[in-house]
Amino acid sequence: MTGRSGSILLAVLLTLVLVLALLAGETALTPGEYLQALTAPASSAGEILWTLRAPRAVTAALVGAALGLAGAALQGLLRNPLADPGVLGVSASAGLGAGLAIMFGLAAIPWAIESSALAGALIAGVVVVALAARFREPEALILLGVSISAFAGALTSLVYNFAASPVQATEVLNWMLGSVANRDWPDVLRLAPVLAAGAGLVAWSAGGLRMLTLGEETAALSGLPMARLRAAAVGGAAILAGAAVASAGVIGFVGLAAPHLVRRRAGDDPARTLLPSALAGAILLVLADLAARVIPTEQELKLGVVTALFGAPLFALVAWRASRSWRR
């Protein structure tokens, strides 16, 4: 299966899981009600499908695609299979921004939490871009990113400590666990342009990511603007991860696992793994959100919990299979 045919297959799978997410849910509908939803979108069945399930599924797909694409860009840039959007501290900084907004009582203001999360991600992204321009070695950038992530995590713990009430602390915790529940079409329309900007930067950096597989010296002699391409890859990944956290909270494993799921078919060229990774990330998160909705529990499972429960064993299996090729 070539890269193009693989992407087509993943696109078909994504369409199927989106249809499944639209049809399945906690409220069972009869065939007649499904038909009514198609012919009369304003009916009660239509409200369930087009107002509740559809924007939620599309949001999950967009967030998953953003995390998968960001993970593929960072793994290609850093030439490290363990890199993901959280490794550079962007996700943790976005979570800190959301926690601060809740602590200062801004939760009642529309989009205050989301804007604060995106601002936190962008600040971390600017810092990382500056560090990427200063430190060319991928190991140095990873270590500095881990430091940013740990510092932002420590500050988020302080937010827990200084929460004015248990309710406020619970609000922070719920945001950090991730969810796409209650997302509507205006949320999708606000999220899409930000993700498009991040994806555009990553796509522009694809040539630089490919050249880096030949080594730093070869890349430097290629004639490509490697410094700007490297900054575009980091900046694009930061925007994608920040927008994902701003929309759905902190969600792990998708950015890490999606590139590994497609790399065997797409090959070792980082540029060829970008689109398949985005599609795989979208499929993973739509399925994870569907599981969160249909697993019978008194309280709906959080999306970040589901991705960790199912993603950790899956990623362990993928890593075990990949390790056999690393030893060759």
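Tutor: With helix α8 (residues 185-204) and helix α11 (residues 226-248), whose axes come within 7 Å and cross at roughly 155°. Helices are DSSP runs of H or I with at least four residues, numbered from the N terminus. The model is predicted, with pLDDT of at least 70 needed for local features and 80 or more for side-chain atom pairs, while totals for chains, interfaces and linings use all residues. Residues are numbered from 1 along each chain as its sequence is written, and side-chain values use heavy atoms, without hydrogens and water.

Student: Are α8 and α11 roughly parallel or antiparallel to each other?

Tutor: Axes are lines fitted to C-alpha atoms, for helices over the stretch in contact, and angles run from 0 to 180 degrees between N-to-C directions. Angles under 35 degrees count as roughly parallel, over 145 as roughly antiparallel, 65 to 115 as roughly perpendicular and the rest as oblique. The α8 and α11 axes cross at roughly 155°, so the two are roughly antiparallel.

Student: At what angle do helix α4 (residues 90-103) and helix α7 (residues 166-177) pack?

Tutor: Their axes lie 9 Å apart. α4 and α7 are roughly antiparallel to each other. The packing angle is about 155°.

Student: Which residues of α7 make the contact with α4?

Tutor: Contact means heavy atoms within 4.5 Å. On α4, the contact is made by Gly-95, Ala-98, Gly-99, Ile-102 and Met-103. On α7, the residues are Gln-168, Glu-171, Val-172, Trp-175 and Met-176.

Student: How far apart are the end C-alpha atoms of residues 274-295?

Tutor: This span is 95% helix and 0% strand. Its end C-alpha atoms are apart by 31 Å.
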